[in-house]
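Q: I would like to learn how to read the domains, helix packing and chain contacts of a model. Where do we begin?

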Amino acid sequence: MNYSWLGVLKAGLGGNQSWTPAWPDQEPREGYDVVIIGGGGHGLATAYYLARDFPGKKVAVLEKGYIGGGNTGRNTTIVRSNYLWDEAADLYEHALKLWEDLSEELDYNVMFSQRGVYNLGHSLQDMRDIERRVNANQLNGIDAEVVSTTELKQRIPIMETGAHTRYPVLGASFQPRGGVARHDAVAWGFARAAAARGVDIIQNCEVHALDIEAGRIRGLDTSRGYIRAGQVGSVAAGHSSVIAAMAGLRLPLESHPLQAFVSEPMKPVLHTVVMSNGVHGYVSQSDKGDLVIGAGIDSYSGYSQRGSPHLIDHAAAAILQLFPVFSRAKINRQWGGIVDVCPDACPIISPTPVEGLYFNCGWGTGGFKATPGSGHVFAHTIGQDSPHPLALPFHLDRFTTGALIDEHGAAGVAH
Amino acid sequence: MFLITCPYCGEAREEQEFSYAGEALIKRAPLDSSDAEWGDYLFNRNNTKGPTLEQWQHTLGCRKLFMVERNNVTNDILAIKTFESLRSDS
């Protein structure tokens, strides 16, 4: 069923009784050409682009819980592409360009809103780094500008930009094409569009073991039985190391809790996204009206999907310093996700020593913004059994050659 | 949030007082390792789910490093060991 205003009108006149589920809940079949482990945004996007660009392949997505119940539904929905190094900038910009047409591509409103993203600088060194990054962005054809404190005061009047604060705002970088998208809609839109192209989406199906014979993947043992697979793509985010261990592999990843929280909904007060590495907080206001605030990662590794309260306290304090006007807003909900942090704050999109087994992981604290791009290049890496040119620098080999892509500065969250 | 008992100070204190210092007992690769072995030592981690043995430092206390066995799903502390205890075990 295609969604259209005419369809909404017709269904509305019929009392909204004619809507069908956006995608069918499939039973696993005996085997598939490609099995994707992980039904989050990246996994579903991979399946969608596989189905779109390699129509002959039979594809399934296995999700241990429900669609979009992991990090896809737990992030702070920020989208931007202002990364420092060419390799990362190209990858995230590829994603941003896909974001711009995504609602039409999927026939599903992902509510992508290019309201701009500010990264604040609080010290002279911050400002030098910001200028360097803005220059690098412009050389890579990415929209970026340095904004002065005076200008910031005009653009975001509620922000405290006085010189006497603990961390004075000395300026910011600004990416006008950055913004936010509705994360649930991204998962649902990709799931619906993938299912429409014949992808089986199998929920409540946890992978227990990988069947590997003579260095080649043969299938998977799951909580819903054995599934034969020609190729397997793991897009398991925080649990990537667990899947890798099933293949006898070790990855350069540490899983950490990362927390976020939202305030009670309120009238529009903040029209853009404000991030600060210096004081460890980032804030935007969702279309529903709640302030969405993200914290830094917990220092210890873990799979608990909840972190320590002092990080929430710290992020709230940082945001209140920047926006004293929020001091009476009440926190509504708080949650945590498990992020897989890579030593260079860049992802791994790569084949592995096991033939037919591929990993897309290590997105750490910033994977949401890359969702369509990550899926697109990973689909090509699997479909052509050779890394997509944009994915090549993110090969696992870089941890042997030493060709790391250090994006700690642009990753935006304290590690 | 959980409490850790420093084996040197002997008191259960908030996790904030300590610094996490990564997986324990990672053996340093020899200097004549291949690139792959060195990369494995430097970057790759087991990143196990469940009980793990890790290093913590009592940063805001005695500043000593020790080992904590923690279930990283429930954050239950299962055991606390000093590095000296390794020496007496062997």
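A: We begin with domains, whose bounds come from an automatic or database domain assignment. In this predicted model, local features need pLDDT of at least 70 and side-chain atom pairs count only at pLDDT 80 or more, while totals for chains, interfaces and linings use all residues. Residues are numbered from 1 along each chain as its sequence is written, and chains are lettered from A and ligands numbered from 1 in the order in which they are written.

Q: How far apart do the C-alpha centres of domain 1 and domain 2 of chain A lie?
A: The C-alpha centres of domain 1 of chain A and domain 2 of chain A are 27 Å apart. The assignment gives domain 1 as 26-81 + 83-108 + 183-253 + 344-411, and domain 2 as 117-179 + 255-341.

Q: How many residues does the contact take from domain 1 and from domain 2 of chain A?
A: Two residues are in contact if their C-beta atoms, placed from the backbone, lie within 7 Å. Domain 1 of chain A gives 26 residues to the contact, and domain 2 of chain A gives 27 residues.

Q: Which elements give two or more residues to the side of domain 1 that touches domain 2 of chain A?
A: Elements are DSSP runs numbered from the N terminus: helices are H or I of at least four residues, strands E of at least two. On that side of domain 1 of chain A they are strand E3 (78-79), helix H3 (86-100), helix H8 (240-246) and helix H12 (408-411) of chain A. H3(A) gives the most, with four residues.

Q: How is the packing of two helices described?
A: It is described by the angle between the axes and the distance between them. Axes are lines fitted to C-alpha atoms, for helices over the stretch in contact, and angles run from 0 to 180 degrees between N-to-C directions. Helix H2 (residues 41-53) and helix H10 (residues 371-383) of chain A pack at about 50°, with axes 7 Å apart. This angle makes H2(A) oblique to H10(A); angles under 35 degrees count as roughly parallel, over 145 as roughly antiparallel, 65 to 115 as roughly perpendicular and the rest as oblique.

Q: What is the angle between H2(A) and H7(A)?
A: The axes of H2(A) and helix H7 (residues 183-196) of chain A cross at roughly 30° and come within 9 Å. That makes H2(A) roughly parallel to H7(A).

Q: Is the crossing of H2(A) and H7(A) left-handed or right-handed?
A: A crossing is left-handed if the near helix is turned anticlockwise from the far one by less than a right angle, and right-handed if clockwise. H2(A) and H7(A) cross in a left-handed way, whereas H2(A) passes H10(A) in a right-handed crossing.

Q: Which residues of H2(A) and H7(A) meet?
A: Among them are Leu44(A) and Ala47(A) in H2(A), and Val186(A) and Phe190(A) in H7(A). By class the contact has eleven nonpolar, one polar and no charged residues. Nonpolar means Ala, Val, Leu, Ile, Met, Phe, Trp, Tyr, Cys and Pro; charged means Asp, Glu, Lys and Arg; the others, Gly among them, are polar.

Q: How many residues does the contact take from chain B and from chain A?
A: Chain B gives 19 residues and chain A gives 20 residues. H1(B) supplies the largest share of the side of chain B that touches chain A, four residues.

Q: Where is Thr400(A), and what is it in contact with?
A: Thr400(A) is in helix H11 (residues 398-401) of chain A. Leaving aside neighbours within four places in sequence, Thr400(A) is in contact with Asp35(B), Ala36(B) and Gly39(B).
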